[in-house]
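Please find below my notes on the model, arranged as numbered points.

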Amino acid sequence: PYSAVIPQSSGINAEYGDVTEHKKSLMKEQAMDVNSMVRQVVEVLPNIPESEIRADLMRTRDTSQTIYNLVKSAPKETRKAAPKAAKGSSSAFKDPVARANMLDLKKAQLIANGRRRYIEKHGLNIDS
């Protein structure tokens with residue numbers, strides 16, 4: 001009875017299918033984004049379960065914030081300074097706090113080097 005009202009060539013079913021496919025592709029893309037973010041956080045915090053990382057990433061959608069949250073919520077036993085490992089070792093810092101401190105130090109060094117290169121490139125005379 002309703003087929004007379006909505007012609008078959010109206011494209012309503014096709015449009016609905018397109019919307020559904022679009023939603024599916026967005027969900028796949030978001031899942032891939034979350035998976036890549038989980039891998040990034042696991043590289044920094046290998047001792048934290050992926051399920052915990054994924055749960056925090058679903059809330060924050062930000063790897064830096066997730067790392068911060070997980071480091072702050074780590075039990076006090078894991079916050080003790082880890083002994084230094086040999087240079088080049090992938091497990092140089094198993095302690096999340098020590099690793100976060102090292103990342104902060106590296107970040108400060110990168111910013112300082114970038115600032116220095118910028119000043120040199122543009123011939124600025126800034127005493128710092």
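1. Is E120 buried or exposed? E120 is exposed, at a relative accessible area of 54%, where exposed means over 50%, buried under 20% and partly exposed in between (1.4 Å probe, protein chains only).

2. This is a predicted model, in which local features need pLDDT of at least 70, side-chain atom pairs count only at pLDDT 80 or more, and totals for chains, interfaces and linings use all residues. Residues are numbered from 1 along each chain as its sequence is written, and side-chain values use heavy atoms, with hydrogens and water left out.

3. The structure holds 2 salt bridges, each defined as a side-chain nitrogen of Lys or Arg within 4 Å of a carboxyl oxygen of Asp or Glu. In one of them, R116 meets E120 at 3.3 Å, N to O. These residues lie 4 apart in helix α4 (residues 96–121), about one helical turn; R116 is partly exposed at 41%.

4. D56 and R59 also form a salt bridge, at 2.7 Å, N to O. They are 3 residues apart in helix α2 (residues 50–60), again about one helical turn. D56 is buried at 5% relative accessible area, whereas R59 is exposed at 63%. Helices are DSSP runs (H or I, at least four residues), numbered from the N terminus.

5. Mean pLDDT, the predictor's confidence in each residue from 0 to 100, is 74 for the protein, and 61% of the residues score at least 70. Confidence is highest in α2, at a mean of 90, and lowest in helix α1 (residues 12–44), at 72.

6. Over residues 79–89, pLDDT stays under 50. Where pLDDT is low, the predicted coordinates should not be read in detail.

Key: Helix = DSSP H or I, 4+ residues; strand = E, 2+ residues; numbered from the N terminus. Contact = heavy atoms within 4.5 Å.
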